[in-house]
Amino acid sequence: MNILAITACPAGVAHTNMAAAALEMTAKKMGHKIKVEKQGAMGIENSISAKDVANAEVLILAVDTAIAKSDRFSSIPTVKVPVAEAVKNPQGLINKALELVK
């Protein structure tokens, strides 16, 4: 499965990075490809490209704030949760996202 994700919290530092790391590590362990864009205090890091969007099967939004450039993802099945869910239960979140495309 080819997964995209965006993590963002109001401060854009700790939880944004922890959620991104948890999703990346868990997706790889589960055998999926993932690209995680972080939006926060440092701006947009690891930006998702148009090619990434074209190849994506599902999008995970683990966010507690509005994200920039959200219109890029209108054609992708999306699951949106608080950023803490990606930190606490990344495997459950990935499974929830995969259910959207079964």
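The exercises below work through one predicted protein model, from the whole chain down to two residues. Residues are numbered from 1 along each chain as its sequence is written, and side-chain values use heavy atoms, with hydrogens and water left out. Local features need pLDDT of at least 70 and side-chain atom pairs count only at pLDDT 80 or more, while totals for chains, interfaces and linings use all residues.

**Exercise 1.** State how many helices and strands the protein has, and in what order the elements run.

Solution. Step 1: apply the rule that helices (H or I, at least four residues) and strands (E, at least two) are DSSP runs, numbered from the N terminus. Step 2: the count is four helices and five strands. Step 3: from the N terminus on, the order reads β-α-β-β-α-β-β-α-α.

**Exercise 2.** Compare the radius of gyration of the protein with that of a compact globule.

Solution. Step 1: the radius is taken over C-alpha atoms, and the globule rule is 2.2 Å times the number of residues to the power 0.38. Step 2: for 102 residues the rule gives a value near 13 Å. Step 3: the protein has 12 Å, which agrees. Step 4: as a further description, the C-alpha trace spans about 35 × 30 × 20 Å along its principal axes.

**Exercise 3.** Decide whether Gln-39 and Ala-50 are buried or exposed.

Solution. Step 1: buried means under 20% relative accessible area, exposed over 50%, and partly exposed in between (1.4 Å probe, protein chains only). Step 2: Gln-39, in strand S2 (residues 33-40), has a relative accessible area of 8% and is therefore buried. Step 3: Ala-50, in helix H2 (residues 50-55), has 67% and so counts as exposed. Step 4: for the whole protein, buried residues make up 41% of the 102 residues.

**Exercise 4.** Describe the surroundings of the Gln-39 side chain, then those of the residue as a whole.

Solution. Step 1: a polar contact is a pair of N or O atoms within 3.5 Å; within protein, one must be able to donate a hydrogen and the other to accept it, and residues adjacent in sequence count only if both atoms are side-chain atoms. Step 2: the Gln-39 side chain makes such a contact with the side chain of Glu-37 (2.7 Å). Step 3: a polar atom of the Gln-39 side chain also lies 2.7 Å from the backbone nitrogen of Ala-68. Step 4: with contact meaning heavy atoms within 4.5 Å, and neighbours within four places in sequence left aside, the partners of Gln-39 include Ile-6, Thr-16, Ile-44 and Arg-72.
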